[in-house]
Amino acid sequence: MKIPVRAASHQYEVVIGNGILKEAFESYKELFQRVDQVIVLTDEHVWAAQGDYFTSSCPYAFDELIMPAGESCKSFDNFHAAHTFLLEKKCTRKSLLIAFGGGAVGDLAGFVAATYMRGIPFIQVPTTILAHDSAVGGKTAINHALGKNMIGAFYQPEAVLYDIRLLRSLPVREVLSGMTEVIKHAMISDPVWLNELMEQNVSRLDEPTLADYLAKGVSVKAHIVEKDETEQSVRKFLNLGHTYGHAIEAAAGYGGLAHGEAVMIGLVYCLLLSERHGSITREFTTRFYQFARSNGYPFDAVHMYTFAQLKDYLLKDKKADYGELQFVLLEEIGKPYVKKIELSECEEIDAELRILLSEVE
Ligand SMILES: NC(=O)c1ccc[n+]([C@@H]2O[C@H](COP(=O)([O-])OP(=O)(O)OC[C@H]3O[C@@H](n4cnc5c(N)ncnc54)[C@H](O)[C@@H]3O)[C@@H](O)[C@H]2O)c1
Ligand SMILES: O=C(O)C(=O)C[C@@H](O)[C@H](O)[C@H](O)COP(=O)(O)O
Ligand SMILES: [Zn+2]
């Protein structure tokens, strides 16, 4: 299946299916004929688990650059190391970078591609469930000690080749983390889909169902990015759960909590906030929290930080204007909107979240 992404700056396709990598690479033969060399940026876990499959599926010559696994690869040091590698390999503006990995590799590689000689082409080959989100839409970034994804660029790939066979080696923790973004896509678009998800064990979906949900998530994202590539308006909806989620993720030290684990906490936080400003009921919030907890999502991290510790990270959210916090809320499931929220109200909701987590079984 092919899903078009018609972003204002650049149009491309997400090719998605089971066992499609070789065929998908072959279908981009013309692009590969135009480039002088190919560098594959990956991480050590991905390369150990799926490097052989990649090598046997890629019909073109390449050199690989293997980064430390996980969030730690989104650092200034690794950004610098990647540029050094490209310079030492004498890469030119005609060289192509392939991001082979999860969101961390994709965000780093995308930013390297955006900045090497002011921009070289790149392809995303996602290897996690989460990366149905991160590989699409052109947000690229590295982290700063003072905030998540603070240094980056909007830079679209030439293509996204999503072979869900690569997901077979994912650890359960990463399956759950990735499913958070699927759940987020359902929450902002479709109550029926969200209900369907909430009736299942989301870490054990069969491959056809998973492929269907990933394609749906990609479509939701692609439609939003087509309307607003650079997050001036509706793209903010894709940030549901991320204002509080990123604060917890940063407080835990990058990699301490998986992105989707932190965002799941942020989603429950946003439901509580949405109760006050829309028609979400406490009954629904409780049911959603029970679904998430019984699926194995960890919520203990909330108790490890005080609101005072999270506050500074909240205020650094990229949606904040001059210190005024903007949250994505839900008028109802499938109807997101953006609202300015006072810090005092954020603190009240933080307290409500802690009560919910300790009182609800
Ligand atoms: N750019 C965006 O729009 C966007 C969207 C969502 C998230 N993100 C970013 O994505 C990152 C999280 O991405 P992620 O959840 O994919 O995490 P990740 O890239 O850190 O991967 C998680 C772990 O799984 C391993 N792994 C990846 N694929 C594997 C496979 N097929 N088999 C075995 N192990 C594998 C990795 O080595 C790593 O240890 C965060 O930095 C987040 O900020 C970006
Ligand atoms: O694509 C988007 O837009 C998103 O917000 C998707 C998020 O899932 C993703 O985590 C993104 O990197 C967050 O962006 P940020 O601007 O809040 O750093
Ligand atoms: Zn996210």
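Gly103 counts as buried, because 29 C-beta neighbours lie inside 10 Å and 20 or more are enough for that label. The model is predicted. Gly103 is found in helix α5. Leaving aside residues up to four places away in sequence, Gly103 touches Thr128, Leu130, Ala131, Ser134 and His259.

Ala104 also has its place in helix α5. Ala104 has 29 C-beta neighbours inside 10 Å, so it counts as buried. Its contacts, again without residues up to four places away in sequence, are Asp43, Gly70, Glu71, Cys73 and Lys74.

Both residues carry an annotation. UniProt, in an unreviewed entry, places the feature "binding site" at Gly103, Ala104, Val105, Gly106, Asp107, Thr127, Thr128, Lys139 and Lys148. Such annotations may be inferred rather than shown by experiment.

Now turn to ligand 1. How many residues surround it? The shell holds 34 residues, and the closest are His45, Gly102, Gly103, Thr128 and Ser134. By class, the shell has 11 nonpolar, 15 polar and 8 charged residues.

Ligand 2 has its own set of residues. Around it are Asp133, Gly137, Lys139, Lys148, Asn149, Glu181, Glu231, Arg235, Leu238, Asn239, His242 and Lys318. By class, the shell around ligand 2 has 1 nonpolar, 4 polar and 7 charged residues. Ligand 2 lies between domain 1 and domain 2, because both give residues to its shell.

Next come the domains themselves. The protein is divided into domain 1 (2-169) and domain 2 (172-359). Taken over C-alpha atoms, their centres are separated by 26 Å. The contact takes 28 residues from domain 1 and 30 residues from domain 2. On the side of domain 1 that touches domain 2, the elements giving two or more residues are β1 (2-6), β2 (11-17), α6 and β8 (147-154). Strand β1 gives the most to this side, with 4 residues. By class, this side of domain 1 has 13 nonpolar, 11 polar and 4 charged residues.

The last stop is helix α10 (residues 242-251). This helix is mostly covered, with 9 of its 10 residues buried. Which residues of α10 are buried? They are His242, Thr243, Tyr244, Gly245, His246, Ala247, Ile248, Glu249 and Ala250. The buried residues of α10 pack against β8, α11 (259-277), α13 (301-304), α14 (307-315) and β10 (325-332). Just after α10, Gly253 takes a positive phi of about 80°.

Technical notes:
Residues are numbered from 1 along each chain as its sequence is written. Chains are lettered from A and ligands numbered from 1 in the order in which they are written. This is a predicted model: local features need pLDDT of at least 70, side-chain atom pairs count only at pLDDT 80 or more; totals for chains, interfaces and linings use all residues. A residue is near a molecule or strand if its C-beta atom, placed from the backbone, lies within 6 Å of it. Ala, Val, Leu, Ile, Met, Phe, Trp, Tyr, Cys and Pro count as nonpolar, Asp, Glu, Lys and Arg as charged, and the others, Gly among them, as polar. Domain bounds come from an automatic or database domain assignment. Two residues are in contact if their C-beta atoms, placed from the backbone, lie within 7 Å. A residue is buried if 20 or more other C-beta atoms lie within 10 Å of its own, exposed if 12 or fewer, and partly exposed in between; C-beta atoms are placed from the backbone.
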